[in-house]
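Please read this briefing with the structure open beside you, and look for each residue as it is mentioned.

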Amino acid sequence: MSEIQLPVSTAQKNRQLLATFLRSRRENLDPIRLGMPHHRPRRTPGLRREEVAQLADVGVTWYTWLEQGREINVSAKTLSAIAAALQCNEAETQHLFQLAGHASPASVAAKTCATVSAHGQILLDSLNPLPAIIQSLHFDIIGYNPAWCRLMNVELETIPQADRNCILLAFTHPQWRAAIADQDVLMPHMVALFRTQMADHLDDPRWQALLDRLMAESEEFRDLWPRYEIRAIDNQVKRFYHPRTGMMTLRQNNWWSAPRNGDRLLVYIPNDEESAAALRSITD
(Lines give C-alpha, C1' and ligand atoms only; values in the text may rest on other atoms or scores of the structure.)
Protein backbone atom coordinates (compact mmCIF):
# COMPACT_ATOMS: atom_id res chain seq x y z
CA MET A 1 0.00 0.00 0.00
CA SER A 2 1.41 3.37 -1.02
CA GLU A 3 1.97 5.98 1.66
CA ILE A 4 -0.67 8.71 1.84
CA GLN A 5 0.78 12.13 1.02
CA LEU A 6 -0.67 14.76 3.30
CA PRO A 7 -0.98 18.31 1.91
CA VAL A 8 1.71 20.72 3.01
CA SER A 9 0.28 23.67 4.94
CA THR A 10 1.28 27.28 4.32
CA ALA A 11 2.95 27.34 7.75
CA GLN A 12 5.03 24.28 6.84
CA LYS A 13 6.05 25.82 3.53
CA ASN A 14 7.06 29.02 5.28
CA ARG A 15 9.13 27.08 7.83
CA GLN A 16 10.90 25.28 4.98
CA LEU A 17 11.54 28.56 3.16
CA LEU A 18 12.76 30.12 6.42
CA ALA A 19 15.19 27.24 6.92
CA THR A 20 16.51 27.60 3.38
CA PHE A 21 16.88 31.36 3.77
CA LEU A 22 18.77 31.05 7.09
CA ARG A 23 21.18 28.47 5.67
CA SER A 24 21.79 30.59 2.58
CA ARG A 25 22.56 33.72 4.62
CA ARG A 26 24.81 31.80 7.03
CA GLU A 27 26.79 30.12 4.25
CA ASN A 28 27.35 33.42 2.44
CA LEU A 29 28.97 35.19 5.40
CA ASP A 30 32.73 35.55 5.65
CA PRO A 31 33.86 34.37 9.12
CA ILE A 32 37.20 36.16 8.81
CA ARG A 33 35.54 39.50 8.07
CA LEU A 34 33.30 39.00 11.09
CA GLY A 35 36.33 38.26 13.28
CA MET A 36 35.35 34.68 14.07
CA PRO A 37 38.16 32.39 15.38
CA HIS A 38 39.39 29.68 13.00
CA HIS A 39 40.93 27.05 15.27
CA ARG A 40 39.96 24.15 13.01
CA PRO A 41 39.47 23.81 9.25
CA ARG A 42 36.05 24.68 7.90
CA ARG A 43 34.51 21.96 5.77
CA THR A 44 31.67 24.21 4.58
CA PRO A 45 31.62 27.90 3.59
CA GLY A 46 30.32 30.64 5.82
CA LEU A 47 29.58 30.57 9.52
CA ARG A 48 28.82 27.52 11.60
CA ARG A 49 25.44 27.22 13.30
CA GLU A 50 27.00 27.57 16.73
CA GLU A 51 28.64 30.83 15.63
CA VAL A 52 25.31 32.30 14.50
CA ALA A 53 23.75 31.14 17.76
CA GLN A 54 26.56 32.82 19.69
CA LEU A 55 26.20 36.09 17.78
CA ALA A 56 22.41 36.07 18.26
CA ASP A 57 22.68 34.96 21.91
CA VAL A 58 20.43 31.94 21.41
CA GLY A 59 20.88 28.25 22.11
CA VAL A 60 22.70 26.18 19.49
CA THR A 61 20.12 23.39 19.57
CA TRP A 62 17.25 25.85 19.29
CA TYR A 63 18.87 27.63 16.34
CA THR A 64 19.58 24.27 14.68
CA TRP A 65 15.92 23.35 14.98
CA LEU A 66 14.95 26.71 13.47
CA GLU A 67 17.29 26.14 10.54
CA GLN A 68 15.86 22.66 10.11
CA GLY A 69 12.36 24.05 9.70
CA ARG A 70 10.96 22.57 12.88
CA GLU A 71 7.77 23.91 14.44
CA ILE A 72 9.10 26.11 17.23
CA ASN A 73 8.12 29.49 18.63
CA VAL A 74 10.31 32.47 17.83
CA SER A 75 9.80 35.99 19.13
CA ALA A 76 10.25 39.22 17.20
CA LYS A 77 13.14 40.15 19.52
CA THR A 78 14.95 36.90 18.72
CA LEU A 79 14.33 37.33 15.00
CA SER A 80 15.90 40.78 15.16
CA ALA A 81 18.95 39.30 16.88
CA ILE A 82 19.26 36.58 14.24
CA ALA A 83 18.87 39.14 11.44
CA ALA A 84 21.69 41.17 12.96
CA ALA A 85 23.89 38.10 13.37
CA LEU A 86 23.34 37.16 9.73
CA GLN A 87 24.05 40.73 8.57
CA CYS A 88 20.61 40.99 6.93
CA ASN A 89 19.77 44.18 5.09
CA GLU A 90 16.34 45.81 5.41
CA ALA A 91 14.69 43.76 2.67
CA GLU A 92 16.17 40.51 4.00
CA THR A 93 15.03 41.33 7.54
CA GLN A 94 11.50 42.00 6.33
CA HIS A 95 11.57 38.68 4.43
CA LEU A 96 12.82 36.86 7.54
CA PHE A 97 9.99 38.29 9.66
CA GLN A 98 7.40 37.52 6.98
CA LEU A 99 8.43 33.85 6.74
CA ALA A 100 8.36 33.58 10.54
CA GLY A 101 4.83 34.99 10.65
CA HIS A 102 5.70 38.31 12.30
CA ALA A 103 5.09 41.90 11.24
CA SER A 104 8.18 43.85 10.19
CA PRO A 105 10.15 45.03 13.25
CA ALA A 106 9.81 48.61 14.42
CA SER A 107 13.51 49.20 13.75
CA VAL A 108 13.00 48.42 10.07
CA ALA A 109 9.71 50.24 9.85
CA ALA A 110 11.28 53.31 11.41
CA LYS A 111 13.73 53.49 8.53
CA THR A 112 10.87 54.19 6.18
CA CYS A 113 11.03 57.83 5.23
CA ALA A 114 8.44 59.86 7.12
CA THR A 115 8.70 62.76 4.67
CA VAL A 116 8.65 62.83 0.92
CA SER A 117 11.96 62.47 -0.90
CA ALA A 118 13.18 65.15 -3.30
CA HIS A 119 12.36 62.93 -6.25
CA GLY A 120 8.93 62.18 -4.81
CA GLN A 121 8.16 65.89 -4.50
CA ILE A 122 9.31 66.50 -8.10
CA LEU A 123 6.85 63.81 -9.18
CA LEU A 124 4.02 65.37 -7.17
CA ASP A 125 4.75 68.87 -8.49
CA SER A 126 4.92 67.61 -12.08
CA LEU A 127 1.40 66.19 -11.70
CA ASN A 128 -0.01 69.58 -10.67
CA PRO A 129 -2.76 70.68 -11.46
CA LEU A 130 -3.93 67.11 -10.92
CA PRO A 131 -4.37 66.64 -7.15
CA ALA A 132 -1.86 64.09 -5.88
CA ILE A 133 -0.50 62.80 -2.57
CA ILE A 134 1.95 60.15 -1.43
CA GLN A 135 0.48 58.16 1.43
CA SER A 136 2.14 55.68 3.76
CA LEU A 137 0.88 52.23 4.63
CA HIS A 138 -0.65 53.82 7.76
CA PHE A 139 -2.51 56.42 5.64
CA ASP A 140 -0.10 59.16 6.75
CA ILE A 141 0.34 61.95 4.17
CA ILE A 142 4.05 61.87 3.30
CA GLY A 143 3.87 64.38 0.44
CA TYR A 144 1.35 66.37 -1.56
CA ASN A 145 1.08 69.03 -4.26
CA PRO A 146 -0.76 72.39 -4.22
CA ALA A 147 -3.68 71.00 -6.23
CA TRP A 148 -4.44 68.51 -3.46
CA CYS A 149 -4.67 71.31 -0.90
CA ARG A 150 -6.95 73.28 -3.22
CA LEU A 151 -9.19 70.25 -3.72
CA MET A 152 -9.54 69.60 0.02
CA ASN A 153 -9.68 73.35 0.76
CA VAL A 154 -7.13 72.78 3.53
CA GLU A 155 -3.57 74.08 3.81
CA LEU A 156 -1.70 71.01 5.01
CA GLU A 157 1.24 73.16 6.11
CA THR A 158 -0.97 74.45 8.93
CA ILE A 159 -1.66 70.94 10.20
CA PRO A 160 0.89 69.34 12.57
CA GLN A 161 2.89 66.51 11.01
CA ALA A 162 1.50 64.02 13.55
CA ASP A 163 -2.06 64.85 12.44
CA ARG A 164 -1.48 64.49 8.69
CA ASN A 165 -3.28 61.21 8.32
CA CYS A 166 -6.06 60.81 5.77
CA ILE A 167 -8.33 58.68 7.96
CA LEU A 168 -7.74 60.79 11.07
CA LEU A 169 -8.48 64.01 9.17
CA ALA A 170 -11.56 62.52 7.51
CA PHE A 171 -13.05 61.70 10.91
CA THR A 172 -11.88 64.67 12.99
CA HIS A 173 -11.15 67.73 10.82
CA PRO A 174 -14.37 69.69 9.95
CA GLN A 175 -12.96 71.46 6.89
CA TRP A 176 -11.45 68.25 5.52
CA ARG A 177 -14.73 66.44 6.10
CA ALA A 178 -16.63 69.18 4.28
CA ALA A 179 -14.73 68.35 1.08
CA ILE A 180 -15.79 64.70 1.18
CA ALA A 181 -19.07 63.93 -0.53
CA ASP A 182 -21.03 60.68 -0.09
CA GLN A 183 -19.80 60.26 3.47
CA ASP A 184 -22.34 57.53 4.17
CA VAL A 185 -20.45 55.34 1.70
CA LEU A 186 -16.90 56.63 1.97
CA MET A 187 -16.49 56.67 5.75
CA PRO A 188 -17.38 52.97 6.24
CA HIS A 189 -15.11 52.25 3.28
CA MET A 190 -12.19 53.98 5.05
CA VAL A 191 -12.76 52.02 8.25
CA ALA A 192 -12.84 48.76 6.27
CA LEU A 193 -9.56 49.67 4.54
CA PHE A 194 -7.99 50.50 7.90
CA ARG A 195 -9.05 47.16 9.39
CA THR A 196 -7.77 45.23 6.37
CA GLN A 197 -4.37 46.95 6.42
CA MET A 198 -4.00 46.64 10.20
CA ALA A 199 -4.65 42.88 10.13
CA ASP A 200 -1.22 42.33 8.55
CA HIS A 201 0.57 44.47 11.17
CA LEU A 202 -0.95 43.57 14.52
CA ASP A 203 2.51 43.58 16.15
CA ASP A 204 3.21 47.15 15.03
CA PRO A 205 2.37 49.52 17.91
CA ARG A 206 1.82 52.42 15.48
CA TRP A 207 -1.36 50.78 14.20
CA GLN A 208 -2.74 50.30 17.70
CA ALA A 209 -1.84 53.90 18.61
CA LEU A 210 -3.73 55.20 15.57
CA LEU A 211 -6.71 52.96 16.32
CA ASP A 212 -6.77 54.17 19.94
CA ARG A 213 -6.71 57.77 18.80
CA LEU A 214 -9.52 57.29 16.28
CA MET A 215 -11.64 55.50 18.87
CA ALA A 216 -11.03 58.30 21.38
CA GLU A 217 -11.63 61.24 19.04
CA SER A 218 -14.43 60.09 16.73
CA GLU A 219 -17.81 58.75 17.80
CA GLU A 220 -18.54 57.96 14.15
CA PHE A 221 -15.43 55.77 13.92
CA ARG A 222 -16.40 54.00 17.17
CA ASP A 223 -19.81 53.23 15.67
CA LEU A 224 -18.37 51.90 12.40
CA TRP A 225 -15.50 49.82 13.81
CA PRO A 226 -17.66 46.94 15.21
CA ARG A 227 -19.12 46.25 11.73
CA TYR A 228 -15.94 44.30 10.93
CA GLU A 229 -16.05 45.15 7.23
CA ILE A 230 -13.08 44.36 4.98
CA ARG A 231 -12.10 46.24 1.80
CA ALA A 232 -9.12 46.13 -0.53
CA ILE A 233 -7.54 49.27 -1.98
CA ASP A 234 -8.74 49.90 -5.51
CA ASN A 235 -9.09 52.66 -8.07
CA GLN A 236 -12.45 54.30 -7.56
CA VAL A 237 -14.54 57.31 -8.48
CA LYS A 238 -15.03 59.84 -5.67
CA ARG A 239 -17.02 63.04 -5.35
CA PHE A 240 -15.62 66.15 -3.67
CA TYR A 241 -17.31 69.40 -2.70
CA HIS A 242 -15.63 72.79 -2.93
CA PRO A 243 -17.36 75.99 -1.76
CA ARG A 244 -16.34 77.86 -4.95
CA THR A 245 -17.29 75.27 -7.55
CA GLY A 246 -19.69 72.85 -5.94
CA MET A 247 -19.44 69.12 -6.64
CA MET A 248 -16.59 67.50 -8.58
CA THR A 249 -16.25 63.86 -9.62
CA LEU A 250 -12.68 62.54 -9.77
CA ARG A 251 -11.17 59.12 -10.32
CA GLN A 252 -8.62 58.01 -7.74
CA ASN A 253 -5.69 56.14 -9.28
CA ASN A 254 -3.20 54.26 -7.07
CA TRP A 255 0.45 53.42 -7.68
CA TRP A 256 2.86 51.78 -5.20
CA SER A 257 6.52 52.67 -4.72
CA ALA A 258 9.32 50.28 -5.67
CA PRO A 259 10.57 49.45 -2.12
CA ARG A 260 7.18 47.82 -1.39
CA ASN A 261 7.02 49.52 2.02
CA GLY A 262 3.38 50.43 1.47
CA ASP A 263 3.89 54.00 0.25
CA ARG A 264 1.26 54.80 -2.35
CA LEU A 265 0.88 57.57 -4.90
CA LEU A 266 -2.74 58.71 -5.30
CA VAL A 267 -3.59 60.85 -8.30
CA TYR A 268 -7.07 62.28 -8.88
CA ILE A 269 -8.22 62.75 -12.49
CA PRO A 270 -11.49 64.50 -13.45
CA ASN A 271 -14.16 62.04 -14.48
CA ASP A 272 -16.06 64.45 -16.74
CA GLU A 273 -15.73 67.83 -18.45
CA GLU A 274 -17.63 69.71 -15.75
CA SER A 275 -15.34 68.37 -13.06
CA ALA A 276 -12.28 69.19 -15.17
CA ALA A 277 -13.44 72.77 -15.53
CA ALA A 278 -14.20 73.04 -11.81
CA LEU A 279 -10.77 71.67 -10.91
CA ARG A 280 -9.05 74.11 -13.26
CA SER A 281 -10.88 77.02 -11.64
CA ILE A 282 -9.51 76.23 -8.16
CA THR A 283 -5.97 75.20 -9.21
CA ASP A 284 -5.10 77.90 -11.79
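Leaving aside neighbours within four places in sequence, L156 is in contact with I141, Y144, W148, C149, R164, L169 and W176, where contact means heavy atoms within 4.5 Å. This is a predicted model, in which local features need pLDDT of at least 70 and side-chain atom pairs count only at pLDDT 80 or more, while totals for chains, interfaces and linings use all residues. Residues are numbered from 1 along each chain as its sequence is written, and side-chain values use heavy atoms, with hydrogens and water left out.

**Nonpolar cores**

- L156 belongs to the largest nonpolar core, which has 43 residues, and L156 is listed with W148, F171, W176 and F194 as those with the most contacts inside this core.
- The largest share of this core, seven residues, comes from helix α11, which spans residues 183-199.
- Apart from this core lies another one, of 21 residues, including L29, V74, L79 and C88.
- A nonpolar core is a set of buried Ala, Val, Leu, Ile, Met, Phe, Trp, Tyr and Cys residues joined through side-chain atoms within 4.5 Å.
- Buried means under 20% relative accessible area, exposed means over 50%, and partly exposed lies in between (1.4 Å probe, protein chains only).
- In soluble globular proteins, nonpolar side chains tend to be buried together.

**Helices α2 and α3**

- The axes of helix α2 (residues 49-56) and helix α3 (residues 60-67) come within 9 Å and cross at roughly 115°, the axes being lines fitted to C-alpha atoms over the stretch in contact, with angles running from 0 to 180 degrees between N-to-C directions.
- α2 and α3 are therefore roughly perpendicular to each other, a term that covers angles from 65 to 115 degrees.
- On the α2 side, R49, E50, V52 and A53 take part in the contact, and they meet V60, Y63, T64 and E67 in α3.
- By class, this contact of α2 with α3 has four nonpolar, one polar and three charged residues, where Ala, Val, Leu, Ile, Met, Phe, Trp, Tyr, Cys and Pro count as nonpolar, Asp, Glu, Lys and Arg as charged, and the others, Gly among them, as polar.

**W255 in strand β4**

- W255 is found in strand β4, which covers residues 246-256, and W255 is partly exposed, with a relative accessible area of 46%.
- Not counting residues up to four places away in sequence, W255 touches D263, R264, L265 and V267.

**The whole chain**

- The secondary structure of the chain comes to 14 helices and five strands, with helices (H or I, at least four residues) and strands (E, at least two) taken as DSSP runs numbered from the N terminus.
- Of the 284 residues of the chain, 43% count as buried.

Technical notes. Angles under 35 degrees count as roughly parallel, over 145 as roughly antiparallel, 65 to 115 as roughly perpendicular and the rest as oblique.
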